[in-house]
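Subject: The structure I promised you

Hello,

Here is the structure for you to look through. Have it open beside this note while you read.

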Amino acid sequence: MDHHETLPVYSKSKLALRNGQDRTEIWVAFQGLIYDVTASRLWRSGKHYEHWAGQDLSEELSEAPHSDQVFLKFPIIGKIG
């Protein structure tokens, strides 16, 4: 069984509330999974370069200077539903 099967599912509107402005949690989504990047100093204000937290960054990451491996250091807290 895929361990992602048991993750809670969050809507895009719930994800949007975790943008680093309204709440203490800072979340971003990538390829269907939601990562908690709150602990990252690079996301401290809810913004990382031109990217805003609380969004699905799947499309935007293709332009980033790093690979999707960067997400491996952050906890997966849910799925986009």
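Which residue in E6 is the bridge partner of Val 9? The partner is Lys 79.

Before going further, a word on conventions. This is a predicted model, in which local features need pLDDT of at least 70 and side-chain atom pairs count only at pLDDT 80 or more, while totals for chains, interfaces and linings use all residues. Residues are numbered from 1 along each chain as its sequence is written, and side-chain values use heavy atoms, with hydrogens and water left out.

**The sheet**

Strands (E, at least two residues) and helices (H or I, at least four) are DSSP runs, numbered from the N terminus. Four strands make up an open sheet with mixed pairing, in the order E1-E6-E3-E2. Its edge strands are E1 (9-10) and E2, each of which pairs on one side only. Two strands are said to pair if DSSP finds at least two bridges between them. E1 pairs with strand E6 (residues 76-80) in the parallel sense, over two bridges. In general, the strands of a sheet pair through backbone hydrogen bonds, either parallel or antiparallel.

Gln 31 sits in the loop between E2 and E3. Gln 31 is not a glycine, yet its phi is positive, at about 50°. With a relative accessible area of 58%, Gln 31 is exposed (exposed means over 50%, buried under 20%, and partly exposed in between, with a 1.4 Å probe and protein chains only).

**The core**

A nonpolar core is a set of buried Ala, Val, Leu, Ile, Met, Phe, Trp, Tyr and Cys residues joined through side-chain atoms within 4.5 Å. The largest one here has 14 residues, and those touching the most other members are Val 28, Tyr 35, Val 37, Trp 43 and Phe 71. Strands E2 (27-30) and E3 (33-36) each supply at least two residues of this core. Leaving out residues up to four places away in sequence, the contacts of Val 28 include Leu 15, Tyr 35, Trp 43, Leu 57 and Phe 71 (contact means heavy atoms within 4.5 Å).

Lys 47 belongs to strand E4 (residues 47-48) and is partly exposed, at 31% relative accessibility. Beyond its neighbours up to four places away in sequence, Lys 47 touches Leu 42 and Trp 52. A polar atom of the Lys 47 side chain lies 2.7 Å from the backbone oxygen of Tyr 49. Tyr 49 is in the loop between E4 and E5, and its phi is near 55°, a positive value in a residue other than glycine. Tyr 49 is exposed, with a relative accessible area of 64%.

His 51, in strand E5 (residues 51-52), has 9% relative accessibility and so counts as buried. The side chain of His 51 makes a polar contact with that of Glu 60, at 2.4 Å. A polar contact is a pair of N or O atoms within 3.5 Å; within protein, one must be able to donate a hydrogen and the other to accept it, and residues adjacent in sequence count only if both atoms are side-chain atoms.

**The salt bridge**

The count comes to one salt bridge, defined as a side-chain nitrogen of Lys or Arg within 4 Å of a carboxyl oxygen of Asp or Glu. The side chains of Glu 25 and Arg 18 form it, at 3.9 Å from N to O. Glu 25 is partly exposed, with a relative accessible area of 27%, whereas Arg 18 is buried, at 11%.

Best wishes
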